[in-house]
Amino acid sequence: MKKVLFLCTGNSCRSQMAEAIVNARMGMEWQAVSAGTKPAGYIHPKALTALSEIGIQHEGRSKRADEFQGESFDLVVTVCDSAAEECPVWLGKGKKVHHSFPDPALTDDLNDFRAVRDDIEKVILELLKTN
């Protein structure tokens, strides 16, 4: 099974949604985890609501990128510009890809969480199909 790490700054919205979507939709091929360069310590409730609306019950936790030091990943995806700049160099030999998604927590509007969720589902699943 291939492993993917989604890296963001706060690990409360975008990277959590990517982790949950991949594990729910492609769990037979990919194992997804997520982390933050400066984790918020919680998962945003509206991210969980947006996921539940598409049938995904996510029970993750906000994690530091350092927790994965020494682990190998086939793919590391940074989902925000800040994380791309701060991406740890120890993340190994796996392919690194950057795709920035807007931060829905900035508006705190559930419709923005839904839009980012749908964009992540489309973009990330297509990315994993080609890797």
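# Exercises on a predicted model

Gln-16 counts as buried because its relative accessibility is 0%; buried means under 20% relative accessible area, exposed over 50%, and partly exposed in between (1.4 Å probe, protein chains only). This is a predicted model, in which local features need pLDDT of at least 70, side-chain atom pairs count only at pLDDT 80 or more, and totals for chains, interfaces and linings use all residues. Residues are numbered from 1 along each chain as its sequence is written, and side-chain values use heavy atoms, with hydrogens and water left out.

**Exercise 1. Find the side-chain partners of Asn-11.**

Step 1. Asn-11 belongs to the loop between S1 and H1. Asn-11 counts as buried because its relative accessibility is 0%.

Step 2. The Asn-11 side chain makes a polar contact with the side chain of Ser-15, at 2.9 Å. Another joins it to the side chain of Ser-34, also 2.9 Å.

Step 3. Set aside neighbours within four places in sequence. Among the residues in contact with Asn-11 are Gln-16, Ala-35, Gly-36 and Tyr-42.

**Exercise 2. Trace the chain from S1 to S2.**

Step 1. Check the pairing. Two strands pair if DSSP finds at least two bridges between them. S1 and S2 run parallel and are joined by 7 bridges. In one of them, Lys-3 has Gln-31 of S2 as its partner.

Step 2. Follow the path. The chain goes from S1 through H1 to S2, a right-handed β-α-β crossover. Right-handed means that, with the strands pointing away from the viewer, the path from the first strand over the helix to the second runs clockwise.

Step 3. Check the cover of S2. Of its 7 residues, 6 are buried.

**Exercise 3. Describe the largest nonpolar core.**

Step 1. Define it. A nonpolar core is a set of buried Ala, Val, Leu, Ile, Met, Phe, Trp, Tyr and Cys residues joined through side-chain atoms within 4.5 Å.

Step 2. Count. The largest has 28 residues, and those with the most contacts inside it include Val-4, Phe-6 and Leu-128. Elements giving two or more residues to this core include strand S1 (2-8), helix H1 (14-26) and helix H4 (110-129). H4 gives the most, with 7 residues.

Step 3. Take one member. Beyond four places in sequence, Leu-128 touches Val-4, Val-22, Met-26, Trp-30 and Leu-75. Another core, of 8 residues, lies apart and includes Val-33 and Phe-73.

**Exercise 4. Which residues of H2 are buried, and what covers them?**

Step 1. Ala-47, Ala-50 and Leu-51 are the buried residues of H2. They lie on the same side of H2 because they cover an arc of only 100 degrees around the axis. The arc is that of the directions from the helix axis to the C-beta atoms.

Step 2. H1 and H4 are among what covers them.

Definitions and conventions:
Helix = DSSP H or I, 4+ residues; strand = E, 2+ residues; numbered from the N terminus. Contact = heavy atoms within 4.5 Å. Polar contact = N/O pair within 3.5 Å; in protein donor to acceptor, adjacent residues only side chain to side chain.
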